Amino acid sequence: LEQLRPALQAREDAVCVVSIAAGVTIADMQEVLGEGVSLIRMMQNTPVAVGEGMLVYALSPSADRSDAEALESALSCAGRITPLEEKLIDAATAVMGCGPAFAYMFVEALADGGVTCGLSRRDAQLYAAQMLLGAAKMVLETGEHPGALKDAVCSPGGSTIAGVRALEESAFRGAVIDAVVD
């Protein structure tokens, strides 16, 4: 930012700086660049590479709606992009930025279970990944609480509720919450 400051100060036209630097706040950037520079702090996740990412951003006081609209337009092909209070960006990053690694671990574990039961690695991975994609789409498109969607799959005395019990006995939800909080 120190190196950018002279170039930004020399510009006569309006410019907005977009930062994806983790942990660097708008206040940190304004301290270096000055109050008058429009800034957007943004974070994204790796699924932007396939157009299904999640991006969140916060505007500095000197940025305006046109800066946000330009950002949203430029990055709409990367996935979903939403404004967020800056104080929540680190929390969002823990969920949507770290989350893909957790999801990959889950897909891998499901596939490992399928292989253990006799499926080929290729088929087990396909079934697990497509299931995760479909389940995520159900959450997004129905607007239903994930717990209600889970309950709709769990037949009384069935294999799904037995699997849910096994995950709960292994502290699945607690481990996921800890992964986000830590």
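Visitor: Hi! Where is the place of Gln30?

Guide: Gln30 sits in helix α2. Helices here are DSSP runs of H or I with at least four residues, strands are runs of E with at least two, and both are numbered from the N terminus. This is a predicted model, in which local features need pLDDT of at least 70 and side-chain atom pairs count only at pLDDT 80 or more, while totals for chains, interfaces and linings use all residues. Residues are numbered from 1 along each chain as its sequence is written, and side-chain values use heavy atoms, with hydrogens and water left out.

Visitor: Thanks. Is Gln30 buried or exposed?

Guide: Gln30 counts as buried, because its relative accessibility is 9%. Buried means under 20% relative accessible area, exposed means over 50%, and partly exposed lies in between (1.4 Å probe, protein chains only).

Visitor: And what is Gln30 in contact with?

Guide: Leaving aside neighbours within four places in sequence, Gln30 is in contact with Glu35, Leu39, Ser60, Pro61 and Ser62. Contact means heavy atoms within 4.5 Å.

Visitor: Which residues have the most contacts inside the largest nonpolar core?

Guide: Those are Val17, Leu33, Val37 and Leu39, in a core of 13 residues. A nonpolar core is a set of buried Ala, Val, Leu, Ile, Met, Phe, Trp, Tyr and Cys residues joined through side-chain atoms within 4.5 Å. The elements giving two or more residues to this core are α2 (26–33), β2, β3 and α4 (89–97). Met42, Leu55, Leu71 and Ile81 belong to a second, separate core of eight residues.

Visitor: What does Leu33 touch, then, leaving aside its neighbours within four places in sequence?

Guide: With those neighbours set aside, Leu33 is in contact with Leu1, Arg5, Leu8, Gln9, Val17 and Leu39.

Visitor: Let's move to β3. How many of its residues are buried?

Guide: Five of the seven residues in strand β3 (residues 53–59) are buried, so by the cut-off for buried this strand is mostly covered. Gly53 is found in β3, and it counts as buried at 5% relative accessibility. Beyond its neighbours within four places in sequence, Gly53 is in contact with Asn45, Pro47, Val48, Ala78, Gly79 and Arg80.

Visitor: Which strand does β3 pair with in the antiparallel sense?

Guide: That is β2 (residues 38–44), over five bridges, with Met43 opposite Val56 in β3. Two strands pair if DSSP finds at least two bridges between them. Strand β4 (residues 79–83) runs parallel to β3, also joined by five bridges, and Tyr57 stands opposite Pro83 in β4. From β3 the chain crosses through helix α3 (residues 65–75) to β4 in a right-handed β-α-β crossover. Right-handed means that, with the strands pointing away from the viewer, the path from the first strand over the helix to the second runs clockwise.

Visitor: New topic: how many aromatic pairs are there?

Guide: The count comes to one. Phe106 and Phe172 form a tilted pair, 6.0 Å centre to centre with 45 degrees between the planes. Phe106 is in helix α5 (residues 99–116) and Phe172 in helix α9 (residues 172–181), 66 residues apart. Rings of Phe, Tyr and Trp (its six-membered ring) pair if their centres lie within 6.5 Å; planes under 30 degrees apart are stacked, over 60 edge-to-face, and the rest tilted.
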